[in-house]
Amino acid sequence: MSAQVSPAYRELHWGTYQAILLAKKAGTYFLLVLASMLVLFPLLFALSLALQGETIAPTLIPDVGKVDFSVFGQAFSKEKHLWRWILNSFVVSVAVTLGQLLTSVLAAYALSHLRFPAKPVFFFVFLGTLMIPWESTIIPNYLAITSWGWKDTYQGLIVPFLASGFGIFLLRQYFLTIPYDLYEASVIDGCGRTRYLWSILLPLSRPALGTLAVYAFLSTWNQYYWPLLVTDSTEWRTTQVGIAVFRSSEIAVYNLQMAATLIVLLPTLILLILGQRQLVRGLTEGALKG
Amino acid sequence: MSALDRPQNPATRFSAAVKTHGDASTEATLDRLGRPAQAGSRRLHRRWQDFGWALLYMSPALALFLTFTYVPFVRSILLSFYVTTSTGEPSRFNGGKYYARILNLDGSGQGEYLQSILTTVEFSLMVVPLSMITALALAVLATAKVKAIGIFRTIFTSSVAISVASAGVIWSLMYAPNVKVTKWLVEVLHLQPDNLLNNASTALAAVAFMTVWTSLGFNFIILLAGLQAIPQELYESGRLDGTTGWTAFRYVSLPLLTPTLMFLCIISTIQCFQAFTQFNVLIGNEGPDKATNVMVYALFTAFWKDNRYGFASALAVVLFVILLALTILQYRVLDRRVHYQ
């Protein structure tokens, strides 16, 4: 911890000091831009390939004169099911998000506000779901969904994901930060349990609800393994499985592959920009709670 | 509202001992007036009533977890001891033979599943350190106090929003031999001019490199949060001692970030053990010379392609044990982190 590097610029002339500061700032921006280019490289690469038209030897930077935006339309006309895949993903993601919000809110409310016997038991039942990875349940789940005739249906894609251990603990944690006195006072004033939840607790918990919503939507939209298993026909694919299938059918048509991929990426990128704060909070919370 | 609630209140089952069933307000008033005996029974009554409501509130989540997590989990363990039919019904008890097969204890000398576990470990060792170092560099960069830093933070976070499947499609083209960037890279690094993904010596590293990119956003978010949680006073007192730049990072940030780094290290390893999508999209089979046959892919092959449900379940249980060990380790680290702060 010894003073190895002393801030030399303190002894310097004012103008030099300014110049060094300016240089430091420019250096920082240079590094930031460079890092951004590297991080965004795959996306820029995809965009560049999409705009180059049909070619078997694409270059890194498209020829400005030949840039072809119609490829995004072509992707839809070439793959008739693209609309359907996007619709499927939207239906499934919205339903799972709403379902997780509902089941998590109710369970988290019980765990945070009600006092009842055997509460630790229930707590561990919910905690235990975080310990069981989906790989160790996927085979029986697949067999069950098949035997119920739920393959190629919305319920097969939605129902297994309607409850989330992460969601329950995220909301419970937030509900605990809202003073319990508020609950007691409301009950004294004749407010029922459900009404307290609906008209007092939930409006106060909007940030946590937003976090769970963004997180649930994103992870459902990006699902791959499960939709791959429980959808057989092309029209029931979700976007993620769809573009992977599309890729293998249009293996040589680079611009269409990239255009379809970018179309599929767009909703989550928009969601990232709009809900970044919620998402970041969710991920850091999730990391803390496992 | 409470009048509306009452008819379907399952708690009334428990309230036989209490004759009057006043609404919440009178109940609370009586409590406050403090007639000891009655107040006590009221409180008990309320507890049972709460129990009924709690069960009702928790029932959707409990039913779902029972159906889609706990029952399948137990079935998975049971299935792993049976030879199964093509529809997944257990047909003949098999004891622990599948486990012996996986761990190469059956004397067959075929260590392909042990190899698969090793491949997974190798994959994690490629992904985790590189991803953590890159993400840490980005996080340090993103603490710079300059204008428009928010935009850069969003960019560094972006891979969180990009699904592994779409990333796989993009990267499969980045690795395609006729794309000029790849050609250049292959020449610079003196790699075989063949497709990187078709070559046993480069396939796993190629998938790992793509995984580093997809995991960057998440690791960045956690590390930035970790850096921001370090009290500014520490840097200020450090500055008085002459610690700036690299020394400040080395002697202030890094020690305080160690718990976060360790924790992230475990989480990333868990994610690597669960990796499947990138292998399915980029490679689509066991890889050249089974070089990319990671555990979840071996499980997928046994289950999906060969319909060997019993054997696949045994693989799933082995994977569960490994992940459980990592999870317990993670909670230990987390405990320490909480004490640390």
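**Finding our way around**

Modeller: Let's begin with a helix pair: α9(B) passes α11(B) in a right-handed crossing. Keep in mind that the whole thing is a predicted model.

Colleague: Are helix α9 and helix α11 of chain B roughly parallel or antiparallel to each other?

Modeller: Helix α9 (residues 203-228) and helix α11 (residues 245-273) of chain B have axes 10 Å apart, and they pack at an angle of about 155°. Angles over 145 degrees count as roughly antiparallel. α9(B) and α11(B) are therefore roughly antiparallel.

Colleague: How many charged residues are in the contact of α9(B) with α11(B)?

Modeller: On the α9(B) side you'll find B:S215, B:N219, B:I222, B:L223, B:G226 and B:L227, and they face B:S253, B:L257, B:T260, B:L264, B:S268 and B:Q271 of α11(B). Sorted by class, that contact has 5 nonpolar and 7 polar residues, and the charged ones come to none.

Colleague: Over in chain A, how do α2(A) and α13(A) lie to each other, roughly parallel or perpendicular?

Modeller: Take helix α2 (residues 71-78) and helix α13 (residues 254-274) of chain A: their axes come within 9 Å and cross at roughly 90°. Angles of 65 to 115 degrees fall in one class, so α2(A) and α13(A) are roughly perpendicular.

Colleague: And how many nonpolar residues are in the contact of α2(A) with α13(A)?

Modeller: From α2(A) come A:V71, A:F72, A:Q74, A:A75 and A:K78, while α13(A) brings A:N255, A:L256, A:A259, A:A260 and A:I263. The classes here are 1 charged, 2 polar and, for the nonpolar residues, 7.

Colleague: How far apart are the centres of the domains of chain A?

Modeller: Chain A is divided into domain 1, covering 1-43, and domain 2, covering 75-289. Taken over C-alpha atoms, their centres are separated by 42 Å.

Colleague: Is A:L44 buried or exposed?

Modeller: A:L44 sits in helix α1 (residues 14-50) of chain A. A:L44 has 12 of them, so A:L44 is exposed.

Colleague: What about B:A165, buried or exposed?

Modeller: B:A165 belongs to helix α7 (residues 164-174) of chain B. The cut-off for buried is 20 or more other C-beta atoms within 10 Å. B:A165 has 27, so B:A165 is buried.

Colleague: Which residues of chain A does B:A165 touch?

Modeller: Leave out residues up to four places away in sequence. Within chain B, that gives B:T277 and B:V281 as contacts of B:A165. Across in chain A, B:A165 touches A:Y224, A:Q240, A:I243 and A:A244.

Colleague: How many residues of α7(B) are buried?

Modeller: The buried residues of α7(B) include B:V164, B:G168, B:W171 and B:M174. The helix is largely enclosed by the rest of the structure, because the buried count is 11 of the 11 residues.

Colleague: Which helix of chain B gives the most to the side that touches chain A?

Modeller: The contact takes 83 residues from chain A and 86 residues from chain B. The top contributor on the chain B side gives 18 residues, and that is helix α3 (residues 36-79).

Colleague: Last one: how much of chain B is made up of buried residues?

Modeller: Chain B has 14 helices and 2 strands. Of the 341 residues in chain B, the buried ones make up 40%.

How values were computed:
Residues numbered from 1 in each chain as written. Chains lettered and ligands numbered in written order. Predicted model: local features only at pLDDT ≥ 70, side-chain atom pairs only at ≥ 80, totals over all residues. Contact = placed C-beta atoms within 7 Å. Helix = DSSP H or I, 4+ residues; strand = E, 2+ residues; numbered from the N terminus. Axes fitted to C-alpha atoms, helices over the stretch in contact; angles between N-to-C directions. Parallel < 35°, antiparallel > 145°, perpendicular 65-115°, else oblique. Nonpolar A, V, L, I, M, F, W, Y, C, P; charged D, E, K, R; others polar. Domains from an automatic or database assignment. Left-handed = near helix turned anticlockwise from the far one by under 90°.
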